[in-house]
Amino acid sequence: MGSFPVRNIVKISNRSNYLRLCVLRACTECRAQLEKLTICDDIVRKLMPFTSSNDPAARALTLRLFGTLSRITSEHIGVHHAILKQIDSHYEVESDAAIWSSHQLASVSSAFAISLCPILCKLLNEMSSDWDVKLKLLRLGKHMHHEVQIVDQMRSCLVTMLTTYSNIEFVVSILDTLTLLTTRAPIHTTEQLDLLLRYLAGDKRPLIRQCSLRNLSILAKHVPHQWDRTHLEKLCELYNSKNQSLTELEDIVHVLCCLTDTEHAVNLLRACSQDQDRGLVPCIRSTLLRFPTSRLTVLIIQLTCKLLILFANSETTEREDSLCGMKLSEFVTLVVTHFLVNETDTDCPGPWYISSKNLSEDELKLTYSLLVRLFSCHRDYATCLHEMNLWHLITPDGGPRVGLLCQFLTTLLIHLPELTTHPSTDQKNLVSVETLLERLNATKPNVKQMDNNTILAICGLIFQLSADRFLTAKECHSLLSTIVSRIEHLDTPDQSDLRVPSMVRLSPWLAYQVARQSSRYGQHMLAANIYESLSPQSLSERSSYWIQGLIEFSRTETNVISVARRLYSSFSLVGADDEDTQDMNRRPAQCTWVLQLIDALRCACDSALTARTTLICVGGPDTRWFQAEYIGVRADLFSALAELCSSAYHHSRFGRWPEQENVATVEQALHAPFWLSDQLDLWDALAKRVDAFRAQCLDADKTTHEHLSAIACLIAFVIRILQSLIGRFQNFDQNPAPHNYAISVSTPHQTASLSSNSDPFAAILPSLENTVRTPLDFKPVAFANFDWIPRLVLTVARTAPRWPRFFFQRLQTTTVRLVLLPKAGNNPDDVLTISSEMGHMVQVMGVVQQHSRRDASELSRRISLVEVELTVTELPASGHGMRASLPQYTITTHDRDQQAVVFYSKRSAPLQRDYFHCDFCVHFPGHNQGNAKNGAIATDKLYALRASSVLVDDVGARWRLTGVSGAPEEITLVRVECARTGTAASSASTGPVASEALHQQASRPVASSGAVKIDLNQTALDSQFSLTKPRPIGRSTGETTIGRPTAPSKIGSAQ
């Protein structure tokens, strides 16, 4: 890479400016790669003569090339002087090039910025300088933030220019530059806010007023903690004045909304809200009382929702149903009124959130999400949503805005299930699947407004309304018939006759989308039927395996949920809950439903493993690792629930129970039942597997992480129950008094934003916690009654899980590639030979690539740091004279006990764009030559160097990807030659090494007790997990563990 620009620089020495321009364009396109060069001095030495050329175009091209290479020439004094010398050139092409290069260098070099500042102030203060040149020069002021002295000097110069030049273009450029300088060096924030507010209040020119508001928004976003009450009062005073246009009022509200995005402004907003004359409340009330609804009204609704949410979540604020003078009931009443008022425009009849042309879909989406958060904080007002009559506006041909409305209602039902359990007293506002389907079938089809996203949103709403049951065949037929009636008039060439349940025809892609939506909302019976109808339409082997796997897994979920719900309703377990009040030390009666539940869970485990094997057969670049591992976790969960239920049931019935009259004399248990310890180990292993699985899901979306967090919380809940039971048996002698054993449902990796109702598993945890409080308080006798455990298992089994979005759709992709240097060659079998008397320097280089399907700036998690782990493993001796090869080793050594970790080290490498590197010094242990006689040949040792990566995102969460999830490990073989001596001697022990390294004696064939063995054959899903037998619960999913215990860390989602 380093020789490429040097060769081109040599070419341009005697060529034309056109060739120089071509080299400049090539360097611009390869800028990210050129930043990794280490031959800066050689490049500058070859380019410097062109800065003295007689041709101004050649000098300009050279300066621009210096700017392109600013990352590697940032501290070169010669480059600094060359640019500064030409910044006031009389040739426009040359001065423009110098100014552009100054922008590139001043942002990364404090030395260049300090040298540039006095020159820049001198040129700006000179009256002889041209206006257009000054406009270009003053924008360099935003980079003068490296030291306090140049910040003050630059600000003083620009403020002085404001009094000299009143031109709109000058004022706008100076205000923008001062604001950017303030955000990077916030030492004059108050002065800048006063300056902007003064121009906003006193200047009548619209462009300058808009510029002031735009800069106020920037300061509100970056330095909200430096605003004070007088600034907010001035903004509110300007808002209430009659001199502001509608656009300016909207910009003022936007500034206030930026202040509510951080908790730093809680006290400031509360103090401003308490002023009834000059605060926020008069602004909010006056705007909400204006009809009809405008864009400004919607922005005020967003602002008020943010304020109420901010106050409700603030630790220093008491929960009050008022906004410092404005009652929450008053606000809710005004919002409901606005939702009931239709547009006055005759061309767009209907409510504003359906027909308004002034509101974008993003603004509507933000408004809906804020209303959901507000009513989640204040659940007492949730029933007021029935008064909005939103359900009457749902039509399958209503366009994208109806789809947004359906998503809003669906999210409300997820977070506020009481909307359906406690409906409004008005019978017209009752919400049910039957009434909604009847209303959809009664609407006339409008093919022009048909939108697939709207249809899918309506399906999601119907599925959410029936979250506690499967849709009947009649309801499925009604829903699909409604969809068909909207598309049957479309004359599409790829329309095919696909028959789904009840003989309804749908196009294959739309049918697959509906089935996918059914899986994501827990309607697995409908999804299985549609997948089964899609199976004959498969056009390739991969799609056939994919559909067959979906059919098998959907049938698995359907069968176990149907059995659990049938058992729950048939045996009236609502009345069985009264058994908790009975004596826990009596022999319980036989319950056949428990045996049926155990059988259903075990059958579901076998069927899920079959579905997992089918999905692995799909193949492809990612081998469907997430889908296969997710189904494996579900299979292990089925198996663990079945074993827990079986152990508790058989312990309660097949023990040597005393007769009825001798219940009072039952002996106390000497120890906890052994099955509790076995179950605790089983669930601990499952928890470790889920944690390892979550650590690989870097690219998953938020809902997927919430679902996996809910599963982890459920497992942690069961673990705490088992720990409480064991503790009850062990501590009863010391603490015979009854205690209230509270079960915490939080886990170390639980997402902070996880809502109690965002996932079905998370929604049932509070009820499970309340259920186990009474059974856990019992006398630990030898044969206790644990019948309450199968009822808990039944509650979990009848809960329909929602397949995560990441199961079907990936929104971003992250890959990591590592390179270990030095290495003998590109062939993995090549062995690097070194002497045992020297240390081995290892350099690990890597590239992290992240791509988003939406936009590069919309990455949900951006990697900022990489932790590189280097592990050295001693390989077993293969006979003398044989060629060592990594494949041969991985085939012949199945036993992990033959591996010994002799060295471990970890380095943190910051990510520079997409590149990182770090160095290690590896010390190999000494080698024993045994009792070799004179002339004997010492045995060389063969080691495997393994480099793996742990990714750290911008919020500090750590992610450990594997080979199948985008981060394959790099392995190289090293042979350490022993010194050949004539006498037998023992190898001396190695000297002291760094505290980070982990050493073991090479003569020992196994690692120490604290070390976990490492398998080199863990680069593909098929080699990690056996496909011919059920996978043991709790085995790590490709995670390389080290030879020492590690402290718990944040893995999975940001905390």
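This tour visits several salt bridges, one selection at a time.

The model is predicted, so local features need pLDDT of at least 70 and side-chain atom pairs count only at pLDDT 80 or more, while totals for chains, interfaces and linings use all residues. Residues are numbered from 1 along each chain as its sequence is written, and side-chain values use heavy atoms, with hydrogens and water left out.

A search of the whole structure finds 25 salt bridges, each being a side-chain nitrogen of Lys or Arg within 4 Å of a carboxyl oxygen of Asp or Glu.

Select Arg209 and Glu248, whose side chains form a salt bridge at 2.9 Å, N to O. Arg209 sits in helix α14 (residues 206-222) and Glu248 in helix α16 (residues 246-259), 39 residues apart; helices here are DSSP runs of H or I, at least four residues, numbered from the N terminus. Both Arg209 and Glu248 are buried, where buried means under 20% relative accessible area, exposed over 50%, and partly exposed in between, with a 1.4 Å probe and protein chains only.

Go next to Glu330 and Arg285, a salt bridge of 3.0 Å, N to O. Because Glu330 belongs to helix α20 (residues 328-340) and Arg285 to helix α18 (residues 280-288), this pair ties together parts 45 residues apart in sequence. Glu330 is partly exposed at 27% relative accessibility, and Arg285 is partly exposed at 24%.

Then select Glu434 and Arg469, a salt bridge whose closest N and O atoms are 3.7 Å apart. Glu434 lies in helix α25 (residues 433-442), whereas Arg469 lies in the loop between α26 (452-465) and α27 (473-487).

Finally, select Glu92, Asp96 and Lys136, which are linked in a network of salt bridges.

Methods
Helices (H or I, at least four residues) and strands (E, at least two) are DSSP runs, numbered from the N terminus.
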